[in-house]
Amino acid sequence: MRDVLRQFIAAIRAGYPVAWCRLVETRGSTPQKAGAAMLVYQDGTQAGTLGGGCVEAEVKRRALSLLAENRSEVCTFQLDSDYGWDDGLICGGRMKILVEPVAPGTPTEYFERLAELIEQGQGCTEAIVFDAEASGLPPPESYLFDADSKFLAGLRTGPAIPAQISDQLRPLNSRPHAYAAHGIAFLPVLPRCRLVIVGGGHVGKAVGDLAADLEFDVWAIDDRPEFVQESRFPRAEKRISGPIDRLLPNIEITPNTYCLIVTRGHGHDQEALFHLADRGARYVGLIGSRRKIKMIFENLAAEGVSREALDKVHAPLGIDIGSQTVPEIAVSICAELVAHRNLGSVPGRPNSVEF
């Protein structure tokens with residue numbers, strides 16, 4: 001979504017006509033879920049995806065026609081033999097897609113605010129009217145709210161918020177999925193979580209590469225400057241080098257911060273955990289064997305770290321997928337991070353070892 005919006009804003013600022021295509025409602029099995037976005041340019045090229053196959057080709061065809069007419073439309077697709085037979089995409093579901101042409105000279109405040117919020121990782125919710133009969137409101141109209149449900153902008157209307165929208169708006173701290181109610185799509189973009197990786201070795205690098213694709217803001221930390229160079233963590237938001245015992249006490253930790261300790265040795269791991277175990281992070285994870293973790297926990301308890309804080313540490317790291325190689329270990333760790341972010345816990349395993 002962030003990459004598509006960047007390209008969308010660039011096209012708007014350059015004065016290129018472009019169609020903003022949003023998946024606003026799904027029923028049953030579909031290749032993409034509500035909130036997916038695709039751009040269609042006047043020359044027929046595109047950015048983003050709505051799931052591929054014949055549906056996407058038909059959306060592109062409709063978008064080019066609507067660009068020429070400068071007219072919006074909600075397109076409905078039933079995924080049966082009419083769409084997807086040749087591509088094996090007979091999912092049996094239904095998709096409603098809003099195609100919104102944006103021509104040069106169109107007011108762009110709404111899209112600029114949306115892009116700003118998503119770029120900054122603050123989170124927001126769009127409420128998009130797509131069904132006049134069900135909502136009692138004229139489609140298509142879009143309303144933008146910040147992470148605290150404060151109204152920021154409307155695509156066409158003023159500051160008055162219809163009760164049909166305000167009554168159905170869900171707070172982002174409940175981490176809602178996209179949903180539709182009475183002909184209105186609610187498309188939340190959740191605040192991005194920061195992932196502080198302490199240790200820039202093989203595992204830390206592999207996790208950093210994958211976590212960036214999973215919408216974490218990666219911070220890489222190591223006491224060795226060469227291990228947090230841009231070439232190792234090209235997509236990290238921050239790359240910090242220095243003594244662990246000086247850096248970590250001063251690093252910003254928020255309730256949306258995930259901390260991952262994957263240093264090169266037990267002593268560094270213990271030092272890092274000492275400074276991170278009880279800082280209020282949403283998640284703290286420590287790599288290593290159960291024997292190593294038990295020893296570190298016992299040492300930290302003797303140094304005054306509370307049993308309650310250590311009990312919350314996720315260790316050993318990763319969902320058990322039989323990992324052996326570094327990429328497999330990174331997959332298992334990132335799967336745990338995503339499960340915790342999306343579900344609030346990691347199903348099927350305790351948080352920590354007994355000590």
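How many residues lie between β7 and β8 in their hairpin, and which residue in the turn has a positive phi?

## Model and conventions

The model is predicted; local features need pLDDT of at least 70 and side-chain atom pairs pLDDT 80 or more, while totals for chains, interfaces and linings use all residues. Residues are numbered from 1 along each chain as its sequence is written, and side-chain values use heavy atoms, without hydrogens and water.

Helices (H or I, at least four residues) and strands (E, at least two) are DSSP runs numbered from the N terminus.

## The β7–β8 hairpin

Four residues separate β7 and β8, and S149 in the turn has a positive phi of about 65°. The two strands run antiparallel, with three bridges joining β7 to β8 (residues 151–154); pairing requires at least two DSSP bridges. Opposite L144 stands A153 of β8.

## Strand β7 and its other partner

β7 also pairs with β6 (residues 124–129), in the antiparallel sense over six bridges.

In β7 (residues 141–146), six of six residues are buried, meaning under 20% relative accessible area with a 1.4 Å probe, protein chains only. E141, Y143 and F145 point one way, whereas S142, L144 and D146 point the other way. In a regular strand, side chains alternate between the two faces of the sheet.

## Helices α1 and α3

The axes of α1 (residues 2–14) and α3 (residues 109–120) come within 10 Å and cross at roughly 145°; axes are lines fitted to C-alpha atoms over the stretch in contact, with angles from 0 to 180 degrees between N-to-C directions.

Residues in contact (heavy atoms within 4.5 Å) include L5, F8 and I12 of α1 and F111, L114 and I118 of α3.

Terms used
Buried means under 20% relative accessible area, exposed over 50%, partly exposed in between (1.4 Å probe, protein chains only).
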